Amino acid sequence: MIFTVLIPLILACFIPLLSKIKEKIHTGVFVFFIPFIIFLYFIQFVGNDFSPVRQTFRWIPSLGINLDFYLDGLSLLFALLISGIGALVVLYSIYYLNKTERLGHFYVYLLMFMAAMLGVVLSDNVFVLYTFWELTSISSFLLIGYWHFNERSRYGALKSMLITIFGGLSMFGGFVLLTVVTDTTSIQAMIEQKDVILNSTYLPLILGFILLGAFTKSAQFPFHIWLPDAMEAPTPVSAYLHSATMVKAGLFLVARFSPVFSTYEWFFIIVSLVGIVTLCWGSYMAVRQTDLKAILAFSTISQLGMIMAMLGFGTEIAVFAAVFHILNHATFKGSLFMVAGIVDHETGTRDIRKLGGLITFLPITGTLALFGTFSMAGIPLPFLNGFYSKELFFESSLDLAGASTFADLLAQAIPYLAVFGSIFTFVYSLYFLFGTFAGKADLAKLPKKPHEAPFGMLVSPIILVLGVILIGLFPNVVNGTFLAHAAEAIKGVSIEKHITFWHGFNYTPLQMTLIVVGLGLVLVLTRKKWAGAYHILPGKLSLNRLYNAILDKLDDWTKDVTQSYMTGSLRLYVAIIIGATLVVTAIVMLVTGGFNIQFNDLADVTAIEVSVVVIMVIAALGTIVAKNNVSAILILGVVGYGVAILFVLYRAPDLALTQLVIETVTVVLFLLCFYHMPKLRKRNESAGTKTINLIISIGFGALLTLVGISAHSSKWFDSIADYFIETSKPLGGGHNIVNVILVDMRGFDTLFEITVLGLAALAIYSLIKLKKGAK
Amino acid sequence: MFKPNDLILRTTTSLIAFILLGFAVYLLLAGHNSPGGGFVGGLMTASAIVLMNMAYGMETVNKILPINYRTLIPIGLLIAVATGIGSFVFDVPFLSHTFGHFTLPIFGEVELATAMLFDLGVYVTVLGVTMTIILTIANDQEDGLEGNEIGEDSDS
C-alpha cells in the first residue's frame with residue numbers, strides 16, 4: 001500500500017526532466033499512468049469478501065509515529081475516487097492545458113497532492129494523517145495559485161491556505177489531546193477505546209478541534225468562503241481537488257472518527273446543524289452566481305453540507321446514503337466541472353450571462369451536462385444516481401430523534417430544511433444547464449466562435465457520466481461490493497441496504513422529491529422576480545466582507561501595536577526596559593516574600609564615611625541639574641573619587657588605585673569627546689513624561705536599594721572568601737589576595753576582560769580612523 | 001604666532017615622568033604581594049606617556065618612543081594566552097600557575113611566579129588599549145577637518 005503513496009511523490013521528482021521534452025509529447029501522457037496503475041491496484045480489493053488490510057513501516061518509533069496504513073471500506077472508496085478521478089483529470093488536462101504552460105509545475109503539484117490525499121485516507125496514525133493533511137493544503141495552495149500572475153489567483157490561494165491551515169492546526173490540537181487521552185496514535189486503537197474518550201473531560205475540546213479541521217477543509221458554513229475563490233485554479237484542478245477529493249477530506253475525517261463520537265449528542269447537533277445550514281446556504285447562494293465555476297463551487301459546498309449532515313445523523317441508512325452520495329457526487333460534479341472547462345475553453349468565457357444556446361454548437365458537451373445536472377438535482381429517473389442518494393437522504397432525515405430538547409427540535413426541523421435546500425439545488429442545476437445550453441446563442445458576446453471540443457477532452461466527462469448512468473441503472477452492483485464495506489467502516493456494524501427505484505406513492509421521500517421538483521420548477525420559471533432577495537440576504541452580511549475585514553483589521557491592529565512602542569525613541573525603550581524590570585522584579589519579590597529587611601548584622605558607621613557619602617549624594621544631584629557638559633563631567637568625577645575614598649575606607653587598596661586612575665582617564669576621555677559635542681540643550685519634555693521618568697527612576701532606585709538590603713539580610717551559606725585567604729600564599733605564592741585571585745585563581749576571567757579592552761580599543765580606532773572619506 | 005612658555009611644565013615632566021614610570025614598574029612587580037598589579041601598572045605607564053605627550057607634543061614623543069600602541073594589544077593578549085597554554089606542557093589544566101623560590105646573582109633569593117607572566121600580558125594589553133584610545137581620540141581633533149575636506153574633494 002505504501003507504494004501508492006510514495007510512487008507519485010518519487011515520480012514527481014522526475015517530472016521536471018520529462019517536461020524538457022514537452023515540445024514533442026505532452027507531460028501529462030507520462031503522468032497519466034501513475035494514477036491509472038494505482039487505480040488498478042486498488043480495484044483488486046473490491047469485492048463482497050473484502051476485509052481490512054494493515055501495513056506498518058517504521059518512521060519515528062520512539063514517538064509512536066509510524067507509517068501505519070489501514071485499508072478498510074471507507075479508505076478503499078476514497079482511494080478509488082482519488083486514483084480513478086485523478087487518472088481522468090490528468091487525461092482531461094492533457095487536452096485542456098496548452099504545451100506553453102508550465103506543465104512541469106502543474107504535474108508536480110498534482111502528483112504531490114495525489115500522494116498526500118492517498119496518505120490522508122490510508123493513514124491509521126493520527127500524526128501521519130496530519131502530515132498528509134497539511135501536504136494537501138500546501139499542494140492545493142500551489143495549484144490554486146498556478147496562474148500566479150493573476151491577482152485573483154493569489155488572493156484565492158492565500159485565502160484557502162489561511163482557512164485550511166487554521167483548521168489543520170486545530171485538528172492537530174485535537175489529535176494531540178486524543179493521543180494524550182488514549183495513549184495511542186493509532187486511529188483504530190482509539191476507536192477501540194471510545195469509552196475512554198467519551199468519558200474524558202477533554203471530550204468537548206477534542207470534538208471541537210477535530211470538527212474545526214473537518215469543517216474548514218470541507219468548506220462548511222461559515223468556512224466555505226475559500227472554495228468559490230479557489231475557482232481561479234485551472235479547471236482540472238477544480239474538478240479534482242475542489243469537487244471530488246480534497247473537499248471530501250473533511251467528510252473522511254468525520255466519517256473516520258464517527259465510530260468514536262456518534263453516540264455523543266453534541267456530535268449529532270453540531271455536524272447535522274452545520275451540514276444542513278451549509279446545504280441550504282450553499283444552494284441558495286449558487287443561484288446568485290454568474291460564473292459557471294462559481295455556481296459549481298457553491299453547489300459543491302451545498303452537496304458537501306448534505307453529506308456532512310447525513311454523517312451527523314449517524315443512523316445506518318444515513319451513513320449508507322452519505323457513502324453513496326460521496327461516490328455519486330464525485331461522478332457528476334467531476335463531469336460538470338469538466339463541462340464548465342470545455343465551455344470556457346471553447347467559448348472563452350464562463351459568464352453565464354453571455355452564454356446560451358450552446359447545445360447546437362456543443363451537442364456532446366450539452367448532453368453530458370444534461371445528465372450531470374439532472375443527477376445533481378435529484379430528478380426521479382431510474383438512470384441517474386443522484387436521485388437515489390437524494391431519496392435516501394430524505395428518508396434518513398425523517399427518522400431522527402434527539403435526547404435533549406434542542407436536538408429534538410433540530411431533528412424535527414431537518415426534513416423541512418432538507419427540502420428547502422433541495423429546492424434550490426434543483427433551481428441552480430436547471431439554471432446551470434439552461435443558462436448555458438438552452439435559449440438563443442448570442443455569438444457577438446463570445447470571445448471565440450464555439451465549436452465542439454476535441455474528443456480527448458470529452459473522454460473523461462463521458463466516462464464520469466457513464467458512471468452516473470451505470471450506477472443509476474445498477475445501483476446494487478456498487479452496493480454490496482464496496483458501499484456496504486465503506487458504511488460498515490463508519491458505523492461499525494454490517495449494513496444491508498437494498499437500493500430500489502420505486503417504493504410506491506405512499507413513500508414519504510418520493511412525496512418530498514415531488515415537492516422539490518414542483519416548487520423548483522415554479523422558482524426556476526419565476527427566477528427574475530425573486531432574484532432581488534439576494535440584495536437583502538447576503539447583502540451586507542456577506543462572509544467575505546467579514547473575512548476581508550478581519551484580515552484588514554488584524555493588519556491595522558498589529559501595525560498600530562508595533563508602531564505604538566517601536567517609535568525609534570531610545571528614551572521610550574529605556575523607560576520600557578527599566579519599567580518592566582522594575583515591575584517584574586517587584587512582583588517576584590513580593591510574591592515569593594523576597595523582601596527581608598534586617599539591620600542586626602551591620603557594621604558601625606563612622607563620621608568620615610557619612611561625610612564622603614553626603615558629598616557623593618550632593619555631587620550626584622549636581623549632575624542632574626548641571627547646565628552644561630563640562631560641569632556635569634567634572635561633578636561626575638567627584639562621585640568617582642568618592643567611590644575611591646570609600647574603597648580606601650573599606651580596605652580595598654587595589655580597587656582604590658584602579659578606581660582613581662580609571663576615573664581620571666575617564667574624565668579626560670569625556671572631556672576629549674565632549675569637546676566635539678554640541679552644547680547641552682534643555683530638553684522640552686512634557687510634564688507627564690517628566691513625571692513618568694521621575695517615577696521610574698525613583699522606583700527603580702528604591703527597588704534596587706531594597707533588593708540590596710534584602711540580599712544582605714539573607715545569607716544562606718558561608719562565604720568562600722576564607723578559602724582564598726588561606727590558600728593565597730601556599731597555592732598562589734602571593735600575599736595580595738586580590739591579585740592572586742585575578743591572575744591565578746580566576747585568571748580566565750581576566751584573560752577575557754583584557755580581550756574586551758583590546759576589542760574596545762580597536763573598535764574606537766576603527767570608528768575614528770575608518771570613517772567615510774578618511775585615508 | 002603665539003607660543004606659550006611651558007618651561008616649568010617641561011622641566012617637571014622630565015622628572016615626574018620617570019618617577020611615574022618607575023612607580024608603574026614597581027606596581028607591576030609588586031602586584032603579587034602588595035597592592036598593584038598589571039592593570040594599575042599599565043594605566044600608570046600610560047599616564048606617564050600621556051603626560052610626556054602633553055608637555056612635549058606628540059611628534060617629539062613619537063620620536064623618543066617609536067611605538068605603535070595598537071600592536072601592544074595583540075602582543076599582551078598573546079603573552080597572557082601563552083602563559084595559559086604553557087600549562088599544557090606540564091599536563092595540567094589551562095592557566096594553572098606555579099611559583100618557586102630561586103637564588104639569583106644580584107637580587108639574592110627571590111620568589112618567581114608564572115602568574116607574573118600573565119600579569120605582564122595584562123600590563124602590555126592595558127598600556128596598548130589606553131594609549132590607543134587616548135591617542136586616537138586626541139589625534140582626531142587635528143585630522144577631523146582635514147578628513148572632511150578630503151572627503152568633500154573626492155566627492156566633487
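Modeller: Two strands are said to pair if DSSP finds at least two bridges between them. The model discussed here is a predicted one. In chain B, strand β1 (residues 99-104) and strand β2 (residues 108-113) run antiparallel and are joined by six bridges. Phe99(B) has Ala113(B) of β2(B) opposite, and three residues lie between the two strands of this hairpin.

I now turn to the interface. The size of an interface is often given as the accessible area lost when the parts come together. Between chain A and chain B, about 3700 Å² is buried, with carbon and sulfur atoms giving 72% of that area. On the side of chain A, the residues that lose the most area to chain B are Val743(A), Ile754(A) and Tyr765(A), which together make up 14% of what that side buries. The contact draws on 43 residues of chain A and 46 residues of chain B.

As for polar links, ten residue pairs are in polar contact between chain A and chain B, counting pairs with both residues at pLDDT 80 or more. The count of salt bridges between chain A and chain B is zero.

Four helices of chain A each give two or more residues to the side that touches chain B: α28 (653-674), α30 (721-732), α31 (737-745) and α32 (747-769). The largest share, 14 residues, is that of α32(A). Sorted by class, this side of chain A holds 23 nonpolar, 13 polar and seven charged residues.

Methods. Residues numbered from 1 in each chain as written. Chains lettered and ligands numbered in written order. Predicted model: local features only at pLDDT ≥ 70, side-chain atom pairs only at ≥ 80, totals over all residues. Heavy atoms only, no water. Contact = heavy atoms within 4.5 Å. Buried area = accessible area lost by both parts, 1.4 Å probe. Salt bridge = Lys/Arg side-chain N within 4 Å of Asp/Glu carboxyl O. Polar contact = N/O pair within 3.5 Å; in protein donor to acceptor, adjacent residues only side chain to side chain. Nonpolar A, V, L, I, M, F, W, Y, C, P; charged D, E, K, R; others polar.
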